[in-house]
Amino acid sequence: MGTTQPAISRQVRALERELDRSLFHRNGHGVSLTDMGQRFLTHAKGILHQLDGARHAVAGSEADLVGKVVIGLPPSIGQMLTMPLVREFRERYRGAELTIMEALSVPLQERLLAGRIDVAVIRNPVPSPLMTVEPMLSESLCLLGASRATRARPVAFRMLEKFDLIFPSAPHPIRSLVEGEAARRGLKLNVVLEIDAIANSLQLVAEGYGHAVVPFNVVRAEMSGAGIVARPIVEPTLGSMVALVTPARRPTTRLAGEVVEMLRRMLRTSLAPGKATPRPGKQLKATRK
């Protein structure tokens with residue numbers, strides 16, 4: 001950083017005095033961030049990302065798009081779009097940088113609001129005046145179970161209370177949708193495991209530890225190994241909104257604007273409504289170990 005450790009220590013102490021908060025835990029083994037420090041770091045990274053975008057916005061010629069764009073994708077959509085996004089980006093913007101973050105919808109929305117992401121694909125985003133939300137489609141939900149223990153046919157929503165369920169930890173848009181519908185119908189769901197990593201959840205399903213309720217894109221992306229059957233959830237058929245989300249009150253660089261349009265086009269092609277309805281009893285193929 002071109003400076004000394006005592007100088008950095010003085011700057012950190014001055015920042016803590018200005019904020020009237022401790023940002024670090026200090027002990028004989030070093031330092032670690034406090035909860036307030038972690039919160040401040042998240043905003044600081046967003047500010048630095050916006051500053052970098054401002055520099056690139058006034059650098060270079062109009063014909064030379066430079067800078068960095070950060071895209072946030074949920075794992076199942078990232079599985080389908082990451083490769084085509086990277087290919088087209090590298091072909092069109094050789095002087096620019098691309099970062100793709102994969103995470104669940106709630107962390108993606110938090111990072112976008114903190115300024116760390118330029119555009120994100122989010123399921124059922126929580127309304128905010130700080131975001132522009134463009135709904136792309138409503139995708140159906142299905143129940144995944146081990147093929148050796150699951151019949152290949154649609155399942156009525158009311159039957160979900162009879163299954164051991166694996167869900168991501170709350171808050172999560174799909175979980176909130178399912179639990180909200182269950183509460184309206186007076187159903188008590190049996191959540192036996194809370195697993196945030198989709199790959200681990202699918203492996204547990206395949207090994208018979210429970211069932212998972214997922215959007216059909218998880219099936220279409222073939223994210224799990226063999227031995228899982230997807231059953232459409234009916235009566236009612238629940239839909240999860242997939243939306244393209246951008247900051248509403250943050251300047252958008254020309255590069256980011258073109259990448260948003262690229263992502264919009266790919267979403268419309270890859271997530272066409274006609275492709276988002278599972279066939280009863282679809283068994284997922286092994287794609288990776």
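## Arg 264 in helix α8

Arg 264 lies in helix α8, which spans residues 254-270 (helices are DSSP runs of H or I of at least four residues and strands runs of E of at least two, numbered from the N terminus). This is a predicted model in which local features need pLDDT of at least 70 and side-chain atom pairs pLDDT 80 or more, while totals for chains, interfaces and linings use all residues. Residues are numbered from 1 along each chain as its sequence is written, and side-chain values use heavy atoms, without hydrogens and water.

With a relative accessible area of 17%, Arg 264 is buried (under 20%, 1.4 Å probe, protein chains only). Leaving aside residues up to four places away in sequence, Arg 264 touches Glu 134, Met 136 and Leu 244 (heavy atoms within 4.5 Å).

## Strand β10

All five residues of β10 are buried, with His 211, Val 213 and Pro 215 on one side and Ala 212 and Val 214 on the other. In a regular strand, side chains alternate between the two faces of the sheet.

Strand β10 pairs (at least two DSSP bridges) with β6, residues 131-146, in the antiparallel sense over four bridges, and with β8, residues 164-167, in the parallel sense over two bridges. Ala 212 of β10 is the bridge partner of Leu 144 and also stands opposite Ile 166.

## Lining of the largest cavity

Strand β10 gives the most to the lining of the largest cavity, with four residues, while α3 (75-92), α5 (173-184) and α6 (198-206) are among the other elements that each supply at least two.

Conventions
Buried < 20%, exposed > 50% of the residue type's maximum accessible area, 1.4 Å probe, protein only.
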